[in-house]
Amino acid sequence: MQPPETEDLGYPGRRLGLPLQGPGSVASWARRVLALVVDWVLANLVVLLVLRSSEPWTVGSTLQLAPLVVWIVVVALSTGLTGASPGQHLLGLRVVRLDRRPVGLWNGIVRTLLIALVIPPAVADRDRRGLHDLAVGTVVVNGPREEPSPRRG
């Protein structure tokens, strides 16, 4: 029995009407993971500076979840309010809703909490949208942060 014919899916983001490359194209996994690492390091630095102690990294410490809590708060707020986490801003990435409306605080919180569960980002579709993106109707794209103005003339 022959497998059914499949349509040519093209590049990630094609089904969403996004360009192949440049601003607005779907971000690569490598840049997204690097942005996550930057955010995680930043959260750990904040904890270190605020607590001035290595206790959060001590096994059995009551503060073990402090870096995760800081990461969730920073990423949820920055994604919801500005459309990107600090690491994403640094790497020229942004989170956009497919309906082109702002991400919004609620979607930023839901998206970040799902990322914290680890499994949702590991399950992705052909457009590099993990379950966290599918749940809130977002996609991570290459910058710039602001949409380019339409050309006149």
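So, the greasy surface patch: about 720 Å² of nonpolar surface is made by Trp-40, Leu-65, Leu-68, Val-69, Val-73, Leu-77, Leu-81 and Leu-105. To count for a patch, a residue needs over 30% relative accessible area and no salt bridge; nonpolar side chains (Val, Leu, Ile, Met, Phe, Trp, Tyr) are joined within 5 Å, and like charges within 9 Å. A salt bridge here is a side-chain nitrogen of Lys or Arg within 4 Å of a carboxyl oxygen of Asp or Glu. Areas come from the Shrake-Rupley method with a 1.4 Å probe, and for residues only the protein chains shown count as cover.

Before I go on, this is a predicted model: local features need pLDDT of at least 70, side-chain atom pairs count only at pLDDT 80 or more, and totals for chains, interfaces and linings use all residues. Numbering starts from 1 along each chain as its sequence is written, and side-chain values use heavy atoms, with hydrogens and water left out.

Which helix gives the largest share of the nonpolar patch? That's helix H2, residues 66–82, with 5 residues. Helices are DSSP runs of H or I, at least four residues, strands are runs of E, at least two, and both are numbered from the N terminus. Leu-65, also in the patch, sits in the loop between helix H1 (29–51) and H2. Leu-65 counts as exposed because its relative accessibility is 59%; the cut-offs are under 20% for buried, over 50% for exposed, and partly exposed in between, with a 1.4 Å probe and protein chains only.

Now the other residues of H2. Buried ones include Ala-66, Val-70, Trp-71, Ile-72, Val-75 and Thr-79. What covers the buried residues of H2? The cover includes H1, helix H3 (86–90), strand S1 (93–97) and H4. As a reminder, an α-helix has 3.6 residues a turn, so residues three or four places apart point the same way. The length of H2 checks out too: at 1.5 Å a residue its 17 residues should span 24 Å, and the end C-alpha atoms are 23 Å apart, which agrees. That expected span is 1.5 Å times one less than the number of residues.

Leaving aside neighbours within four places in sequence, Ser-78 is in contact (heavy atoms within 4.5 Å) with Gly-83, Ala-84, Ser-85 and Pro-86. Gly-83 follows H2, and its phi is positive, near 85 degrees.

Over in H1 we have Asn-44, which is buried at 15% relative accessibility. Not counting residues up to four places away in sequence, Asn-44 touches Trp-57 and Pro-67.

Two non-glycine residues also have positive phi. Val-118 is near 70 degrees, in the loop between helix H4 (105–116) and helix H5 (119–122). Arg-128 is at about 60 degrees, in the loop between H5 and helix H6 (131–136). Exposed or partly exposed? Val-118 is exposed, at 56%, while Arg-128 is partly exposed, at 23%.

Zooming out, there are 6 helices and 2 strands, running α-α-α-β-α-α-α-β from the N terminus. Buried residues make up 35% of the 153 residues. The accessible surface of the protein is about 9600 Å², with 65% of that belonging to carbon and sulfur atoms.
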